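Hi,

Here is the structure I promised to pass on.

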Amino acid sequence: MEGHLCANVDISVKKLPRASPRSFIALLKVHRELLVGRIRNTQCLIDNLIKNDYFSTEDAEIVVQFPTQADKVRKILDLVQSKGEEVSEYFVYVLQKVTDAYYELQPWLDEIGYEPSENICTKPVVNTDPVSRYCEKLRHELGRDSKFVMLYAQKEEMLLEEIYSNSIMELVSFTNESLGHVGQLEALFDDAVGLINEHGETVYVYGDAGIGKSILLQKIQSLWARKELDIGAKFFFCFRCRMFSYFKEDEAICLKDLLFKYNCYPDQDPAEVFHHILQFPHTVLFTFDGFDEIYSNFDLSSVPEICSPNEPIHPLALLISLLRGKLLKGSKKILTARTGTEIQKNIIRKKVLLRGFSRNNLKEYTAMFFKDERQRALVSNQLEANPNLCSLCSVPLFCWIIFKCFEHFHSLFDSHELPDSSVTLTDVFLLMIEVHLNRSVKTSLLKSNIRSQTEMFKSRKESLLALGKMAYKGMENSSFVFEQEEVSSASISEEDLQLGFLRTVKGYSGCDSPATYEFLHLTLQSFFTALFLVMEEKVGTKELLEFFNECSSMETAQPTCLHIPWKKQLSGEDPFQNKEHFNFTNMFICGLLSESRQKLFRHLVSPAVIKRKRKTLITYLGKSMKSHLKGYTRSRLKSYNQVQVQPNFVWMLRCLYETQSEKVGRMAARRMHANYIKLAYCNAYSADCSAISFVVHHFQKRLALDLDNNNINDYGIKQLQPCFSKLAVIRLSVNQVTDHGVRILYEELSKYQIVSFLGLYNNQITDVGAKYVAKLIEECSSLEYVKIGANKITSEGGKCLAQAIQKSKTMFEIGMWGNQVGDEGAKAFAEALRNHPRLTNVSLAFNGITTEGGKSIAEAMQHNNSVRIFWLTKNELDDEAAMSFAEMLKVNKKLVHLWLIQNQITAKGVKCLSEALKENTTIQEICLNGNLISQEEAKAFENEERIICF
């Protein structure tokens with residue numbers, strides 16, 4: 001660290017002839033000018049000189065009388081030199097030991113080669129430097145603040161270490177392609193993996209609501225405070241982005257005030273601490289949590305390109321300048337936001353997608369949560385039997401709620417079980433509300449306190465309405481923090497506050513102020529908003545559908561934050577806005593108005609009102625479904641009409657599922673005129689597969705379903721079981737699917753024998769999963785296309801697949817790009833190709849195939865009349881292999897495209913291929929880009945247009 005601090009300091013030093021013994025009095029005289037100019041902190045020197053009885057209090061009083069810092073240094077030097085060699089050496093020793101205070105003198109100390117004497121080494125040095133003290137104060141306060149997690153329960157806190165559990169953190173490119181996973185949190189700042197823009201300074205962490213973004217930052221904060229995060233950060237400043245929405249439009253502060261007043265204020269010399277931060281920005285770590293929660297009418301067109309660190313400006317402009325790197329350039333920054341919040345690429349250094357709990361993560365979290373072995377076994381068994389519940393539990397927030405509810409009710413009823421298989425998110429939140437209300441009941445030694453859900457809601461109806469009214473007003477204004485006045489005007493009593501749905505937050509004014517409140521999570525505010533819209537009898541059609549209309553007006557792409565140059569939008573729309581909280585509100589409205597909830601709400605609302613609202617909602621959902629699925633196009637697959645839905649369609653499906661109405665499901669299926677539904681890149685996660693199945697299983701004909709590039713995983717595949725009887729095409733590429741998921745696919749698809757296309761590219765499938773795919777190829781004669789590239793398949797899995805293809809008479813295309821089948825796998829595929837009646841497109845690109853495997857393939861292709869396209873890109877084929885392919889081309893007159901890109905073929909091999917083309921008029925191209933051929937050598941083949949070298 002000290003080396004970093006001194007890296008940018010350039011000091012010219014007069015070399016002192018090395019004397020033996022060295023005179024430190026002379027040393028200080030020779031370098032007096034440099035010392036006067038570079039020593040900024042005199043107090044630390046005085047404190048240590050007094051502590052070791054080298055200075056008296058009178059000496060200190062003489063020094064502090066001088067008006068300027070330079071004069072004080074001069075007087076200290078005079079006094080030190082007058083007291084002899086030992087004191088003079090101790091003076092230099094303090095400069096060496098207190099690196100933070102005297103960082104500018106470290107190169108000078110290196111230059112003179114100072115090594116303290118044995119006597120001086122015994123003298124204590126106390127660091128009273130304001131920068132060092134501030135760092136310690138920061139660590140203390142952030143450690144205290146991050147030690148506990150406020151849980152989603154009444155007045156309850158738990159140690160962070162007892163609740164934090166690892167989840168899947170995936171490094172992705174700008175196009176969301178996987179670049180690997182984050183193991184240790186230090187890897188977030190390690191440029192060796194996942195770097196996508198070396199000029200950006202911000203690690204952008206994103207994911208769905210409740211996926212664990214905030215608790216991840218709290219974990220990082222905790223590690224830093226305990227000095228267990230080795231990233232070279234001396235300073236840590238954490239901000240919740242929603243605070244920037246609560247500054248007035250004409251409010252202005254400087255950077256120093258933003259850092260100190262809204263985090264931790266230095267006890268000594270704030271100017272010196274701030275100067276140090278400006279000098280060494282690379283030692284600063286910022287976290288900005290919840291960028292999607294910024295809502296402001298501030299005119300961003302007024303933000304200058306370069307801000308002065310000392311000039312007061314609107315706090316939002318300071319945030320933008322920090323993220324752009326216009327202020328404290330080189331500082332480390334982590335920015336979190338919900339999926340769908342677009343951030344301009346030029347500020348991003350890395351993108352990290354939080355995917356929630358994997359199967360193993362969930363097991364670890366279950367073990368951490370349930371210490372009792374019997375309870376843990378009971379929960380694990382119920383989760384295993386309920387894939388829908390497992391999917392909800394892959395989101396840490398929802399998992400915690402479900403587990404906490406189970407724990408509560410299990411303490412009351414020893415045999416209590418988790419909700420049944422049709423559990424929805426509305427069920428989960430109603431259960432959480434019930435737990436909170438149940439805990440608020442005063443205990444009695446003589447009478448049972450257990451009430452039914454209906455009784456509990458009836459007894460606190462007014463409290464729920466009051467909380468819902470405030471949530472609704474906030475949602476309308478995109479406001480998530482409530483002043484005491486707003487709480488009072490909503491008739492929320494102190495008793496209501498004790499229910500635990502709201503928590504107090506620090507005032508945003510930077511000093512002591514009346515308490516402000518927020519809901520424990522943004523999704524909880526959405527739930528209470530929906531509860532108000534359902535329970536309040538005066539709510540009409542306009543209010544009920546208000547947030548549906550807000551979401552339906554969204555453009556195809558989400559609004560882009562940090563668009564530069566800033567332009568005030570003519571429509572007056574908030575440039576920061578993300579509408580996911582509206583979508584959650586809509587989903588909860590559908591769940592609360594579902595038929596299964598009528599037993600509860602008939603005691604809270606007039607049945608006629610519920611009937612009216614339910615009718616309004618179902619009519620709207622029918623029209624909305626129809627508008628989502630209009631405008632289909634022809635698919636590349638024959639006999640399919642394709643519709644590319646927008647990401648918001650997933651929310652539509654979630655709403656339909658929350659109704660739990662078979663009538664609504666059938667209605668939605670009837671609106672699906674296209675038979676190829678493309679849901680790629682729609683941010684669907686595993687629990688959404690219940691919603692997909694809910695609609696698709698009502699579809700009357702065979703269907704193609706494209707779920708590529710989502711977060712489906714094995715739980716999601718299990719939830720697709722009801723619709724496998726309808727699916728002829730299923731695409732699940734880039735979805736975290738493992739061998740377990742492939743086994744489910746095999747067991748289900750082999751039952752119905754209708755699947756023709758199976759896409760599993762870029763998942764986590766090993767040889768075990770490859771064997772299940774091989775069995776499916778053997779047993780399912782309808783299967784024509786298999787895309788299983790970029791997995792973890794070796795020669796063992798490759799041989800199984802090849803043998804299955806050899807037996808199949810219907811396989812048309814096999815895609816194996818990016819596995820590691822090697823030469824043994826290549827030989828097995830060679831045997832499969834020999835005399836195959838139908839296989840037309842084959843990719844064995846990037847599979848570690850050398851000349852031996854290449855020769856086997858070339859020889860087998862002499863006996864093949866079906867293959868038209870063969871990809872062998874990025875292998876290790878040399879001239880010998882090229883010669884074998886040349887011999888093959890003299891015999892095989894059916895192959896049209898041969899790709900040998902990025903192999904090890906030289907001009908000698910190209911010449912053999914070129915000669916072979918004289919006897920083959922069928923093949924249209926042999927692609928040889930990226931081989932060992934120079935542009936000069938390639939000129940010899942210019943006359944043969946089918947040879948492509950560059």
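This is a predicted model: local features need pLDDT of at least 70, side-chain atom pairs count only at pLDDT 80 or more; totals for chains, interfaces and linings use all residues.

Residues are numbered from 1 along each chain as its sequence is written, and side-chain values use heavy atoms, with hydrogens and water left out.

On confidence: pLDDT is the predictor's confidence in each residue, from 0 to 100. Its mean over the protein chain is 85, with 87% of the residues at 70 or more. A contact here means heavy atoms within 4.5 Å.

As for the overall fold, 58% of the 950 residues in the protein chain count as buried. Buried is under 20% relative accessible area, exposed is over 50%, and partly exposed is in between (1.4 Å probe, protein chains only). Of the contacts in the chain with a separation of 6 or more, 80% join residues 24 or more positions apart.

Now the holes. The structure contains eight cavities of 30 Å³ or more. A cavity is a set of points, on a 1 Å grid over the protein atoms alone, where a 1.4 Å probe fits but cannot get out, and lining residues have an atom within 4 Å of a point. Grid points are joined across faces, edges and corners, and the volume is the space filled by probe spheres set on the points.

The largest cavity holds about 220 Å³. It is lined by 20 residues, and Leu425, Met587, Arg654, Tyr685 and Asp688 are the closest to its centre. Two or more lining residues come from each of α18 (387-393), α28 (580-592), α31 (648-659) and α33 (688-696), with α31 giving the most, four residues. By class the lining has twelve nonpolar, three polar and five charged residues. Here Ala, Val, Leu, Ile, Met, Phe, Trp, Tyr, Cys and Pro are nonpolar, Asp, Glu, Lys and Arg are charged, and the others, Gly among them, are polar.

The second largest cavity is about 70 Å³. Ten residues line this one, and Arg359, Glu384, Tyr715, Lys718 and His740 lie nearest its centre. At least two lining residues each come from α17 (373-385), α18, α34 (713-719) and α35 (739-752), and α34 has the largest share, with three. The lining of the second largest cavity splits into five nonpolar, one polar and four charged residues.

One more spot to look at is Thr128, in the loop between α9 (118-121) and α10 (130-147). Is Thr128 buried or exposed? It counts as buried, at 7% relative accessibility. Leaving out residues up to four places away in sequence, Thr128 touches Gln43, Cys44, Asp47, Arg133 and Gln268. Gln268 is 140 residues from Thr128 along the chain, yet their C-alpha atoms are separated by 9.5 Å.

Lastly, cysteines. Cys44 is buried, at 0% relative accessible area, while Cys238 is partly exposed at 24%. The whole structure has zero disulfides, a disulfide being a pair of cysteine sulfur atoms within 2.5 Å.

Cheers

How values were computed: On a 1 Å grid over the protein atoms alone, a cavity is a set of points where a 1.4 Å probe fits but cannot get out, and a pocket is an open set with protein on both sides within 12 Å along at least five of seven lines; lining residues have an atom within 4 Å of a point.
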